[in-house]
Amino acid sequence: MSVKGTGGAPPSFTVFKTAIGWCGMVMKGRNVKRLFIGHSRQHQIKRHIKEAFRDAMEVHPSRGMRAIIKRLERYCSGENVALGSVPVDWSSLTAFQKKVLKAAAQIPYGSVDTYSGLARKIDSPNSARAVGNALAKNPFPLIVPCHRIIRGDGRIGGFSAGDGISIKNKLLSIERGEVL
């Protein structure tokens, strides 16, 4: 599905390398519209961005983009960096998705919760599957740390970003302070 910008200039994007692989950030104005993470090749990121945002223009990172990229690079290198203040564009999400993602954003660095636990936190205790579906559509992985949600039986669960579950495992290992 193609996502078009909403009036004005088209979205801009840049790609960058981190300790978890290639990442790409799409911005509309000063807000992150989407973050792509954990791909093994730069061309994969660019292809995914162009598929999702056909009108996006690749740019040399602005000062604001560089500041966000530096924080993401530090996070991916194992530093406990607060990402909650990174400005994001929530406009593509439903009210339920926003509720789920905002609750996931409250999970502290190095901690995990379960899909059903998150469902209870948003006062929707029977919606663990819907919570999982909302997390799978998270346009801001790392900024909204959906990797911190695991299955009730302690298994890792799914992850839709980059190289999937291997990236989720890597992120959880980083937060536990394990050397990769």
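Q: What is the bridge partner of Phe 13 in β4?
A: In this predicted model, Phe 13 has Glu 58 of β4 as its bridge partner.

Q: Why is the pair of Tyr 75 and Tyr 109 called edge-to-face?
A: The structure holds 2 aromatic pairs. In the pair of Tyr 75 and Tyr 109, the ring centres are 5.9 Å apart and the planes stand at 90 degrees. Rings pair if their centres lie within 6.5 Å, and planes over 60 degrees apart count as edge-to-face, so the pair of Tyr 75 and Tyr 109 is described as edge-to-face.

Q: What makes this a link between distant parts of the chain?
A: Tyr 75 belongs to helix α2 (residues 63-76), whereas Tyr 109 sits in the loop between α3 (95-104) and β5 (113-114), and the two residues are 34 residues apart.

Q: What makes up the lining of the largest pocket?
A: The largest pocket, with about 700 Å³ of space, is lined by 30 residues, and Arg 34, Ala 136, Lys 137, Asn 138 and Pro 139 lie nearest its centre. At least two lining residues come from each of β3 (31-39), α1 (42-52) and α5 (128-136), and β3 supplies the largest share, 6 residues. By class, this lining has 16 nonpolar, 10 polar and 4 charged residues.

Q: Which residues lie nearest the centre of the second largest pocket, and how does its lining divide by class?
A: The second largest pocket has a volume of about 240 Å³, and of its 18 lining residues Leu 83, Gly 84, Ala 105, Ile 143 and Pro 145 lie nearest the centre. Its lining divides into 14 nonpolar, 2 polar and 2 charged residues.

Definitions and conventions. Residues numbered from 1 in each chain as written. Predicted model: local features only at pLDDT ≥ 70, side-chain atom pairs only at ≥ 80, totals over all residues. Heavy atoms only, no water. 1 Å grid on protein atoms, 1.4 Å probe; cavity = no way out; pocket = protein on both sides within 12 Å on 5 of 7 lines; lining within 4 Å. Points joined across faces, edges and corners; volume = space filled by probe spheres on them. Helix = DSSP H or I, 4+ residues; strand = E, 2+ residues; numbered from the N terminus. Nonpolar A, V, L, I, M, F, W, Y, C, P; charged D, E, K, R; others polar. Pairing = 2+ DSSP bridges. Phe/Tyr/Trp six-rings, centres within 6.5 Å; stacked < 30°, edge-to-face > 60°.
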